[in-house]
Amino acid sequence: MIGLGLLNGLIVTMKAAIRGPVTVQYPDRRVGLLGAARELGMSPFQFLVKRPKDAVKAAAGFATVEDKIAQGPRFRGQDFNWYEDRCTGCASCAKFCPLGIIEIVTSPSDTLKSQGEVYNIDVFDIDIGRCMFCGICVEVCPYDALHMGSGFELGTYERKDLVISVDALRTKKNTPSTWFRPQLEETAYNPHSGESRPWTEVGRHEQPTDEELNERWVDER
Amino acid sequence: MTLKSEPVIVNVGPQHPSTHGVMRLRVAFDGELVTDAEMIIGYLHRGSEKLAEERTFTQVVTLTDRMDYVAAMTNNQAYILAVEKLAGIEPTPRGVWLRMISAELQRIASHLIAIGFLMQDLGAMGTPLMYTMREREDIMDMFELMCGARITNSYHRPSGVFQDAPPELWPRLEAFLVEMPGRIDEYEQLISGNEIILSRMRGIGIISPEDMINASITGPMLRAGGVDWDIRHQQPYEYYDRVEFDRPIMDESDNYARYLVRVYEMRESLKILRQCIDQIEPGPARDPEVPFVIRPPKGDAYVPIEGPKGELGFYLVSDGGISPYRCKVRPPSLLNLTLLREMVIGLPMAAMIVTFGTVDINMGEVDR
C-alpha cells in the first residue's frame, strides 16, 4: 500500500521523540525551579522561601548549571604541560614538530648538576595558533618533560596571545594528559580530576639524583 | 514555431551545502534537465603530497588525517601499511587487531555520514542526519578514548598503533556492538521503505559496470553495480583473511542500490568487529625497537586497502633518506567522481544532487 513506508518511518521519529535528548547542552544547561533547588540541595518549597529572588529567576528559566563534556584521559588539548626539572633543553620537540612551531633557546647552566648535562631554558615558545595537536613533540620527548593538556576552549583577541611562553609554562598547574604516557595510565591518573602531578611521578624511569649525575659526569671525563 | 533558446549555465558551488565541501559543478540546463556538467576541483588543494616530501615518515601520518577527514583512521592505515612494506617492518599482532578495529569503526562512521548527508541532499532536512550523527558520536568518543582525538587521529604508527587501547574502551565497544544493529534497523525502517525516497532514488543515476571498471571506480559504488570487488577479500591485508564477512552486491547500479550497499556494509563491519574482539591477543601494541625516524631502503611500495569510499592506497618512493622521495595518493573519491557527467546528463536538477550524494565523496581527499 502506498504510504505505508512513510507511516513506518513516522513510528521511528515518534519513538525518538519519547526517548529523550542525547544532546549535551554545553557549556550551560538550563534548569527549571525544581532542578535549581536540587542543585542547592533544598526542597523546592525551602528554595522559594529562603531565596525568593533566585527562585523567580529559576522559574523564568535563567538558572543554569555547568554541563561538562566527558573527555577521555588521553585527550590532546591545547594547554601543554612542561616540567622544567625534567627538561634538558635537548630540543627534540622543536626538531620533530611537523610544523616547526616550537622555539627553544638555551644557555649552559652554572650549577654543578648541569655541567654539560642540563641547560637553562631561556625561551620555550609554543605557537598553538598554528599547532595541530598531533602530539609528536610529546611522543619524541626522551625525558618525559613535555605533556599534552586537556583544554579545548580558548579565545584571544590577538594571534600573539596564542603563543605559550616559558613563564606561562612554568607557572601553570600541571595536569598532564595520559597521551603517550603509559606510566600515568598505570596509576589510573585522570587529568580531568584536577589533581596535579609533581615532576618526580610523571617519568618513565627514575630521575637520577644530583650526586649520581655528578658521579657520572666525573666518570665520563 | 522554433523556440529560440540557449542552455542556462548554473554554477553549483563551490559554496553550496550539497556539494559536500568546496566542489564546483558548472551545469548546463535545458529547462530543468541537465545537458552537460563539468566539475571544477582544486579549491581545497593543500599540496599534501608535496608537503610529505619534507617530513619524516612518521610525521606524514598527521598529513594523512587531513586528506579524507571523515575517515582518518583508514587513511592512517593505508599510509602505515605502505611504510611497513617499504621498510620491511613486521607489525605486532595486537597492533594489527587494533588497527582493524579502528578501521572498521571508521568505516561505519564514514557510511553513517554518507547516508545522513545523502538524506539531507534529498531534502530530509535534519532528522536522518541527526540520527546517524548520534551513532557517529559514539564512535568518535571511542576514538577519543583510544587516541585522544576525535577526527585527526594519527593513531597508527609503523609496527602497530602508538599506544594500546585503554581498558575502558572494551565495555563501550561491546555496548556499541549490541546497540548498533537495532539502530541500523531504525534507519532502514525510516529510509529504505519510504515511498518518496524510493521514487527519487530507484532507477536514477545508473552507470554500467563496464564503464565503472574502465574508469577504475571502486568501493560501494562498484559493488552496487554487481561487481564482486572488495580488496579485504580478494587481496587480504592485515588479518582480514582471519575474519569472515559477506560482501553485499547489488545489481541495479542506481542510487538506491548504492545506499543499500552502504547499509549492508555497516552490518558486515559489525560482524568483523565482533570477530576482532574475540580474536585479539594480549601483547605489545607496537614494537619498541622501531625508532621514530626510520630510514627505509631504496625502493617503492604500494599497498591498496579497502577504504570506506573505495580503493585507497599510498605509493611511496624512498631514496634511503628519512622522508619519502615521492608520496602519491590514490584517492577513491576523485576517481569515483570521474563518471559524474555521464551519470547526471538527462536528469533533473534535484536528481543530479542526489546522484552526486550517492557517490559519497570527500573534498579533502579529492583535492588533497
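## Surroundings of T58(B)

In this predicted model, T58(B) makes contacts (heavy atoms within 4.5 Å) with I136(A), R157(B) and F292(B), its neighbours within four places in sequence being left aside. T58(B) sits in the loop between α1 (48–52) and α2 (60–65) of chain B; helices (H or I, at least four residues) and strands (E, at least two) are DSSP runs, numbered from the N terminus. T58(B) counts as buried because its relative accessibility is 3%, where buried means under 20% relative accessible area, exposed over 50%, and partly exposed in between (1.4 Å probe, protein chains only).

Residues are numbered from 1 along each chain as its sequence is written, and chains are lettered from A and ligands numbered from 1 in the order in which they are written. Local features of this predicted model need pLDDT of at least 70, side-chain atom pairs count only at pLDDT 80 or more, and totals for chains, interfaces and linings use all residues, while side-chain values use heavy atoms, with hydrogens and water left out.

Chain A has 9 helices and 7 strands. Of its 221 residues, 38% count as buried. Among contacts in chain A between residues at least 6 apart in sequence, 71% join residues at least 24 apart.

An open sheet of 3 strands in chain A runs in the order β4-β5-β7, with antiparallel pairing; two strands pair if DSSP finds at least two bridges between them. β4 (102–108) and β7 (163–164) of chain A are at the edges, each with a single partner strand, so one side of each has no neighbour in the sheet. The antiparallel pairing of β4(A) with β5 (residues 119–127) of chain A extends over 7 bridges. S107(A) has N120(A), in β5(A), as its bridge partner.

## Nonpolar cores

A nonpolar core is a set of buried Ala, Val, Leu, Ile, Met, Phe, Trp, Tyr and Cys residues joined through side-chain atoms within 4.5 Å. The largest such core has 111 residues, of which F80(A), F124(A) and Y259(B) touch the most other members. Helix α4 (residues 93–122) of chain B provides the largest share of this core, 14 residues.

Apart from its neighbours within four places in sequence, F80(A) has contacts that include I126(A), I128(A), C131(A), F133(A) and K172(A). A second, separate core of 26 residues includes M212(B), M221(B), V344(B) and V359(B).

## Pockets

On a 1 Å grid over the protein atoms alone, a pocket is an open set of points where a 1.4 Å probe fits, with protein on both sides within 12 Å along at least five of seven lines; lining residues have an atom within 4 Å of a point. Grid points are joined across faces, edges and corners, and a volume is the space filled by probe spheres set on the points. The largest pocket holds about 810 Å³ of space. Its lining comprises 26 residues, and V22(A), T23(A), V24(A), R134(B) and E137(B) lie nearest its centre. At least two lining residues each come from α1 (4–19) of chain A and from α5 (127–147) and α6 (169–192) of chain B, with α5(B) giving the largest share, 11 residues. By class, the lining of the largest pocket has 10 nonpolar, 4 polar and 12 charged residues; Ala, Val, Leu, Ile, Met, Phe, Trp, Tyr, Cys and Pro count as nonpolar, Asp, Glu, Lys and Arg as charged, and the others, Gly among them, as polar.

The second largest pocket has a volume of about 580 Å³. It is lined by 26 residues, of which F180(A), P182(A), R204(A), F162(B) and R286(B) are the closest to its centre. Two or more lining residues come from each of α6 (136–140) and α8 of chain A, and α8(A) gives the most, with 4 residues. This lining divides into 15 nonpolar, 2 polar and 9 charged residues.

## Backbone and loop details

Most residues other than glycine have a negative phi, and most peptide bonds are trans. Y26(A) and P27(A) are joined by a cis peptide bond, with omega about -5°; P27(A) is placed in the loop between α1 and β1 (28–30) of chain A. A91(A), which is not a glycine, has a positive phi of about 65°. A91(A) lies in the loop between β3 (77–82) and α5 (92–96) of chain A and is partly exposed, with a relative accessible area of 24%. R368(B) also has a positive phi, near 55°. R368(B) belongs to the segment after α15 (363–367) of chain B and counts as buried, at 11% relative accessibility.

P198(A) is found in the loop between α8 (182–186) and α9 (210–220) of chain A, where P198(A) is partly exposed, with a relative accessible area of 38%. From C-alpha to C-alpha, P198(A) and L184(A) are 12 Å apart in space, and they are 14 residues apart in sequence.
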